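Visitor: I have a chain to look over before I plan anything else. Could you take me through its fold, question by question?

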Amino acid sequence: MCGIAGYSLTPDSPIERTLAAQALLAGIAERGADAVGYAHRAPGVGSAHVVKQRSGASALLDRIGVPADATQLLVHVRDYTKGHPSIAANNHPVRHGPVVGIHNGLIVNDEEILGGYSCARAEPKMTVDSEAIFAVVAHTPGEHASLERLRGAMATAWLDERQADVVHVARGMGRPVWLGSGRGAVFFASTRVALEVVERFLHVKLRKHELGEGTYLGLREGRVVARERFVPDMSYVEENPLPPVRAPREAEFCLTRLAALVAAAA
């Protein structure tokens with residue numbers, strides 16, 4: 001079980017970028033402690049800036065730094081299943097060519113999919129299954145029905161460096177994604193609670209709903225600009241499902257520390 005989160009903002013949004021990233025991270029911290037990372041990007045900029053490390057969220061919370069001009073963010077905490085976290089390339093955000101993405105779930109036909117791409121597994125000893133998602137979207141840009149090739153559980157989001165201003169979010173089967181919309185801002189996270197953490201610390205009000213399975217969204221400048229349906233492979237059965245709360249102490253620490261940071265800045 002992992003946690004994903006992120007946002008798309010208007011360039012003139014008053015939301016404090018770093019605080020928003022910290023709130024999202026605190027909100028998903030309980031879902032994994034094997035690795036943590038985030039990526040951000042400013043309007044009109046193709047390349048994403050990626051930070052990740054082998055630790056829980058608590059070891060990164062104070063050190064998050066998101067520039068004031070960044071309008072796109074991905075955040076991830078990892079409870080690994082395939083691809084040992086001692087190999088940095090296995091930790092999220094994961095890169096495949098021009099695509100940088102995050103994933104909660106397990107793709108079971110990843111080797112089959114990645115076997116078709118000569119550029120796969122570019123990083124030494126990389127074995128994470130999530131790369132299959134980002135290979136599919138990298139090689140079939142805009143063809144979101146291609147996500148139907150993936151077999152397993154999936155909630156995912158990615159930045160494509162060929163599309164400078166879009167945050168892509170998709171929910172397949174077996175893992176949740178919640179969307180929270182406000183003025184000039186769209187947030188997404190693995191749980192409703194994570195969005196409520198954003199509301200609490202950023203003093204914003206969000207309209208919240210859970211995405212249905214087989215939903216793709218394109219987010220640009222704080223709005224949903226594309227919505228498509230795809231048919232995920234529903235044949236996968238998780239034999240030993242993990243509980244969603246994997247690191248409760250990480251959540252407790254992050255929420256307490258975030259409250260202290262906000263109080264000190266007031």
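**Rings, strands and the whole chain**

Visitor: At 2% relative accessibility, does Trp158 count as buried or exposed?
Guide: Buried means under 20% relative accessible area, exposed over 50%, and partly exposed in between, with a 1.4 Å probe and protein chains only. The relative accessibility of Trp158 is 2%, so this residue counts as buried.

Visitor: What kind of model is this?
Guide: Residues are numbered from 1 along each chain as its sequence is written, and side-chain values use heavy atoms, with hydrogens and water left out. Local features need pLDDT of at least 70, side-chain atom pairs count only at pLDDT 80 or more, totals for chains, interfaces and linings use all residues, and the model itself is predicted.

Visitor: How do Tyr7 and Phe187 pair?
Guide: Rings of Phe, Tyr and Trp (its six-membered ring) pair if their centres lie within 6.5 Å; planes under 30 degrees apart are stacked, over 60 edge-to-face, and the rest tilted. By this rule there are two aromatic pairs. For Tyr7 and Phe187 the centres are 5.9 Å apart and the planes at 80 degrees, an aromatic pair that is edge-to-face.

Visitor: How many residues apart are Tyr7 and Phe187?
Guide: Both Tyr7 and Phe187 are buried. Strands here are DSSP runs (E, at least two residues), as helices are (H or I, at least four), numbered from the N terminus. Tyr7 is in strand E1 and Phe187 in strand E10, and the pair links distant parts of the chain, 180 residues apart.

Visitor: What about the rings of Trp158 and Tyr216?
Guide: Trp158 lies in strand E7 (residues 152-160) and Tyr216 in strand E12 (residues 215-220), so this pair ties together parts 58 residues apart in sequence. Tyr216, at 2% relative accessibility, counts as buried. The ring centres are 6.1 Å apart and the planes at 35 degrees, so the pair is tilted.

Visitor: Which residue of E10 is the bridge partner of Leu9?
Guide: Two strands pair if DSSP finds at least two bridges between them. E1 (residues 3-9), with seven of its seven residues buried, pairs antiparallel with E4 (residues 72-78) over six bridges. E1 also pairs antiparallel with E10 (residues 185-189), over five bridges. There the bridge partner of Leu9 is Ala185.

Visitor: Which strands stand at the edges of the sheet?
Guide: The open sheet has seven strands in the order E3-E2-E4-E1-E10-E9-E11, with antiparallel pairing. One side of each edge strand is left without a neighbour in the sheet, because each has a single partner strand; the two are E3 (49-53) and E11 (207-210).

Visitor: What angle does the direction of helix H1 make with that of E1?
Guide: E2 (residues 35-41) and E3 run antiparallel, joined by five bridges. Contact means heavy atoms within 4.5 Å, and axes are lines fitted to C-alpha atoms, for helices over the stretch in contact, with angles from 0 to 180 degrees between N-to-C directions. H1 (residues 17-28) packs on the sheet, touching E1, E2, E4 and E10, and the angle with E1 is about 155 degrees.

Visitor: What is the radius of gyration of the chain?
Guide: The chain has five helices and 13 strands. The globule rule, 2.2 Å times the number of residues to the power 0.38, is compared with a radius taken over C-alpha atoms. For 266 residues the rule gives 18 Å, and the chain is as compact as a globular protein of that length because its radius of gyration is close to this, at 17 Å.
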